[in-house]
Amino acid sequence: MSDVREMLDGLRGDDGLVTLAGAEAGVSFEPSSYDADSNTIRMQIHGGDAVIRRPFFEDPFYLRLSVEPGAIDTSRLEAGTLPLIVDHDVSSNSVIGVGVPGSFLAEPFPSIAFRLDEPPVHDQNFNVIRKLKSGILRGVSVGATWLSEDTSVQRDYKDGRDALNVSRWAIKELSVYPVPASATASVLSDQPGASAPNEEGIMTDPKTAAEEQTPVDKAKLRDEGRQGGVTEERQRAEHIRSAAKLAGIEDVEYVDGLVKEGLSAADASTKILEKLAADRGNEVDSRGVAPVSVEQPHAKTVADLAADAIVLRAGVNLADATDDARRMANLSLLSIGREVLRSGGVNVANLSDSGIARAQIRMERAQLAGGGMTTSDLDSVYANVVSKIAAPAYMDAQATFEAWASRVDVPHPYSTKIIRMSGVDELEEIPEGGDAPLGAFGDEYEDHGVKHYGKMLRITEEMIMGDQVGLIAQRAAKMGSAAREKQDVLAYAQLTSNPTLSDGIALFHASHSNYVAAGAGAAPSQTTLGEAIKAMMTQTITRPDGSEQILSLVPRYLVIPISLMTTVEALMSQLYVPTASTGVITKRMRGLEVIVSPRLDATSTTAWYLLADKVQANAVAYGFANGRPGIQTGSNEDFASGALEYKVGIWFGATACDFRGAYYNAGV
């Protein structure tokens, strides 16, 4: 254990701090601790238990962070800079909340209220926050910094292992972590001393009649666990079975045996983790299963640098790339992978180039033994590469539908109803002192939903061995642009396919007064544009009383195929000189925004469309699933194929809505 102290001393920075990231609080909240009005959730940051730590050196030890009054420095919380992040990922994209200043409660165990990001800025956090609110995701892990010289080592604390006791420490961050190492925390909303948020959204310790309350017996609370109708024995058994389930242990007899032994939840969790390690023939990694660990500033940082370096090598400019990333960009893919593995504590000295590639592609756990690296670290490098290349390509791809279509997102996985322009009774005169009569409405709507579209991108061992950065980048970029083009195709299909609306009539139809069929149509001109503008501005809605209401819609967009581009540009030019008054293009006509799209040529090289200002009428609506806007990237869960697989896709839909805001001319 003296080696542990020497190692910690060796990690001290100029500020004298040593980080001890990952001290676990275990199950720390339930839906009852989430307050929707203030969008806050209270979490117990630590239960005071000794948690096993498996560092890069040989002997595991127990770490005990004090929870006595005054032991915890909460300066980051009070400064408003204490983040709630996901899986100890210190990147900005991982932040899902921030600690509420003044919300720290020391009794009965340290807890903090966090205000959640709502809606989440980054799509990947949407499901994490949803699971927090519902109580499905309940484990947390605190990132701590060792502050005090007053530490002690307890020899042979338990299981033949020593314990390092830290008497004073600071909170650096709190992470949502699905498999906590300790199960001592309780439901905070049910514990004595906890309360609901106040009007400012801060969850505070009630002080009313504080002098009359019996002092909290921490040892008793630790033994009894959650208060409120659940017995001690039942709660202990529930914790043990939950820990086994999270660890993937399905041996019912083994789990029942732990319960019958009378082990505490913490001791049972330790045995479960040890069994998991034995079953896998490998020491439990310090971040994936037992996340109590000395903070390693290089592990995640090097993975991020590696992704940036590969993207830079692909020729994509990253404004936020560091000098370290630019220097790493001079390395091959194998050398970059070697650095990522080394940063996680993997001994790469005896690994061949093919071994380095296999460690990245096949995720061979035997290659990672003894280190802090997990499969997700290696996977995340190329996941970030795909995302950082596909996303800009998506944004740069040619798509024009957003100019003329209205965005209406959908609460995934459901559809929503889009209300079309609806008739309302004509206003009536109100006699002096009288009441206005109740209005009647004739609502009309269309069902609007989204579908999932995507493809899988594969990065093989051969690509990494061959240093084929260009090929990886090219395929990722093509996937990004393909996602954008798919949206454009789906939106324009609502015009070219002429779908049937809820009234049983096609979007463009003589009954809708917005259709000029082949044989009666002509190219855009003063005459044809004038007829189109008139048809749109004189569209009507039938009121509930049967009378007609003129809408006076404003035409805004002239949408044409590429085949008509030269004709229309000449017509709209300020230099156009008509041969007769019938050829004069008016100011209103020249005010139309011309949108040219090759999506139309595939159906007709002569047909053109006039669309109203989308603020007035939703001719066509498009949208994403809520929380999943734009392009989505993700990893395939099955890595047995000898390749990394990444899904690139969209949750997108387009719907024809209101015929009154659209006009069609066949052009011939």
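Reply: The account below takes the aromatic contacts and then the salt bridges.

The model is a predicted one, in which local features need pLDDT of at least 70 and side-chain atom pairs count only at pLDDT 80 or more, while totals for chains, interfaces and linings use all residues. Residues are numbered from 1 along each chain as its sequence is written, and side-chain values use heavy atoms, with hydrogens and water left out.

A pair of aromatic rings is described by the distance of the centres and the angle of the planes. Rings of Phe, Tyr and Trp (its six-membered ring) pair if their centres lie within 6.5 Å; planes under 30 degrees apart count as stacked, over 60 as edge-to-face and the rest as tilted. By this rule there are 12 aromatic pairs. One of them joins W404 and Y492 in an edge-to-face arrangement, with 5.1 Å from centre to centre and 65° between the planes. W404 belongs to helix 13 (residues 401-404) and Y492 to helix 15 (residues 469-496), so this pair ties together parts that lie 88 residues apart in sequence. Helices (H or I, at least four residues) and strands (E, at least two) are DSSP runs, numbered from the N terminus. W404 is buried, at 2% relative accessibility, and Y492 is buried as well, at 1%. Here buried means under 20% relative accessible area, exposed means over 50%, and partly exposed lies in between (1.4 Å probe, protein chains only).

The rings of F508 and Y664 have centres 5.6 Å apart and planes at 40°, so this pair is tilted. Distant parts of the chain are linked by it: F508 is in the loop between helix 15 and strand 20 (515-516), Y664 is in strand 29 (residues 662-665), and the two are 156 residues apart. F508 has 2% relative accessibility and counts as buried; Y664, at 17%, also counts as buried. Elsewhere, one aromatic cluster is formed by F401, Y622, F624 and F652.

A ring may also meet a charge. The charged end of R484 sits over the ring of Y394, 5.3 Å from the ring centre; the term requires NZ of Lys or CZ of Arg to be within 6 Å of the ring centre and within 35 degrees of the ring normal.

Side chains of opposite charge can pair when their charged atoms come close. A salt bridge is a side-chain nitrogen of Lys or Arg within 4 Å of a carboxyl oxygen of Asp or Glu. The whole structure holds 12 salt bridges. Among them is the contact of K388 with D308, at 2.2 Å from N to O. K388 lies in helix 12 (residues 375-396) and D308 in helix 8 (residues 297-313), so parts 80 residues apart in sequence are tied together. K388 is partly exposed, at 30%, whereas D308 is buried, at 9%.

Helix 8 also contains R313, while D467 lies in the loop between helix 14 (461-465) and helix 15, so their pair ties together parts 154 residues apart in sequence. D467 is partly exposed at 27%, and R313 is partly exposed at 28%.

Another salt bridge joins R327 and D324, with the closest N and O atoms 2.2 Å apart. Both residues lie in helix 9 (residues 323-328), three residues apart and separated by about one helical turn. D324 is partly exposed, with a relative accessible area of 41%. Finally, R556, E593 and D613 are linked in a network of salt bridges.
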